[in-house]
Amino acid sequence: MKYTFMKKKLFILLPVAVVLLLALVLGLQWFYRARPIPPVKEIPVEVETIQPAGEGLWLVSPKVLDRGSRTVRTARLKNLRAQMMAVEVIQTDGERVVIRNRELQADDLLIRQPGRLIDGQAVIPQGLAAETLLRLTFEAGLAALRTRDLQQSLRFISPTYGDSWGFNSYFLQELLKRVYREFDDLRLELASEPEIRIEGHRALVQAKVRLTALYQSRRNFLLGNQNEFNALVFQFEQAAPGWKITNLKGLRPLGFDERFFRLLGGDIGLPLTEAERRDKQAACMPCRERMAERFGTQ
């Protein structure tokens, strides 16, 4: 009798346990997908231009120098990070200083009070024109793509990112992870300088790009091709930390239309309708054929 009672109790509790476990798994998945991208600590800094003073010589203010016990250092703004550099002080008059460093260039910006920074520290320069800061942000984002630097790439994506394909910041993060994991030596080419239009705290950046990569030791195009560029439109919003991407239009991976990009999202967990899942299945063969054509895959 007791054995029968335990069997009945187990029969009742087991489905309940399965349902609770399933709810827990789904809840954790929702939690991790809903989490915003962890922000990179960005330190606001003041910057200043440098003036040439001879071959390898530059005229600067004392504010950009960190005089240590052994060396004098300065910090150059490089892809919105601090690049620490050793310099030699040649002459000083209290107001201006002549330094020597052959790596510096005429359009470089140096960061004031570099002693509080470490090499590679993410910074946001203050006091620059909105368009100048946006151009620096766009260039830094492209540099992060070329080097497959995930943290630096995510730094320029807004937590409120959303596009017509259904991607949010989480799915964009997962897509970048996959691209950086599967493809090597990303090379991005611009057809011309990007066009920038700023309206208040919002901006549009239009750029024509070609992107090639190595896949299984073979290089070919991911965006664009030998004869044409992929036209992209980036939407930015200006927040306290700087300009962040909130929307992207025009992506045509492997030359397919934009809708194919949404179908690709199904591979990283983007919810698809039943019709879209059928379309994705139907697109598998053309996608494999395009990959085989471009990268020699089977």
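Rings of Phe, Tyr and Trp (for Trp, its six-membered ring) form a pair if their centres lie within 6.5 Å; planes under 30 degrees apart count as stacked, over 60 as edge-to-face and the rest as tilted. The model is predicted, so local features need pLDDT of at least 70 and side-chain atom pairs count only at pLDDT 80 or more, whereas totals for chains, interfaces and linings use all residues. Residues are numbered from 1 along each chain as its sequence is written, and side-chain values use heavy atoms, with hydrogens and water left out.

**View 1. A ring cluster of Trp165, Phe167 and Phe261.** Ring pairs join Trp165, Phe167 and Phe261 into a cluster. Within it, Phe167 and Phe261 are stacked, at 4.6 Å centre to centre and with 25° between the planes. Phe167 lies in the loop between helix H3 (150–155) and helix H4 (169–182), and Phe261 in helix H5 (residues 258–265), so the pair ties together parts that are 94 residues apart in sequence. Helices (H or I, at least four residues) and strands (E, at least two) are DSSP runs, numbered from the N terminus. Phe167 and Phe261 are both buried, where buried means under 20% relative accessible area, exposed over 50% and partly exposed in between (1.4 Å probe, protein chains only).

**View 2. The edge-to-face pair of Tyr215 and Phe295.** The rings of Tyr215 and Phe295 are 5.8 Å apart, centre to centre, with 70° between the planes. Tyr215 belongs to strand E12 and Phe295 to helix H6 (residues 274–295); the pair thus links distant parts of the chain, 80 residues apart. Both residues are buried. A search of the whole structure finds eight aromatic pairs.

**View 3. The largest nonpolar core.** A nonpolar core is a set of buried Ala, Val, Leu, Ile, Met, Phe, Trp, Tyr and Cys residues joined through side-chain atoms within 4.5 Å. The largest such core has 62 residues, of which Ile111, Phe167, Phe234 and Phe236 touch the most other members. Strand E12 (residues 202–215) supplies the largest share, seven residues. A second, separate core of 12 residues includes Leu65, Val97, Ile99 and Leu104.

**View 4. The surroundings of Phe234.** Contact means heavy atoms within 4.5 Å. Not counting residues up to four places away in sequence, Phe234 touches Phe138, Ala203, Leu204, Val205, Ala207, Ile245, Asn247 and Leu248.

**View 5. Arginines over phenylalanine rings.** A charge sits over a ring if NZ of Lys or CZ of Arg is within 6 Å of the ring centre and within 35 degrees of the ring normal. The charged end of Arg210 is placed over the ring of Phe229, 4.0 Å from its centre. Arg290 lies over the face of Phe256, at 4.3 Å from the ring centre.

**View 6. Cys284 and Cys287.** For Cys284, the closest cysteine sulfur is that of Cys287, 7.2 Å away and therefore too far for a bond. A disulfide is a pair of cysteine sulfur atoms within 2.5 Å, and the count by this rule is zero. Cys287 is buried, with a relative accessible area of 17%.

**View 7. Lys280 in helix H6.** Lys280 lies in helix H6 and counts as buried, at 19% relative accessibility. Leaving aside neighbours within four places in sequence, Lys280 is in contact with Leu263, Gly266, Asp267 and Leu272.
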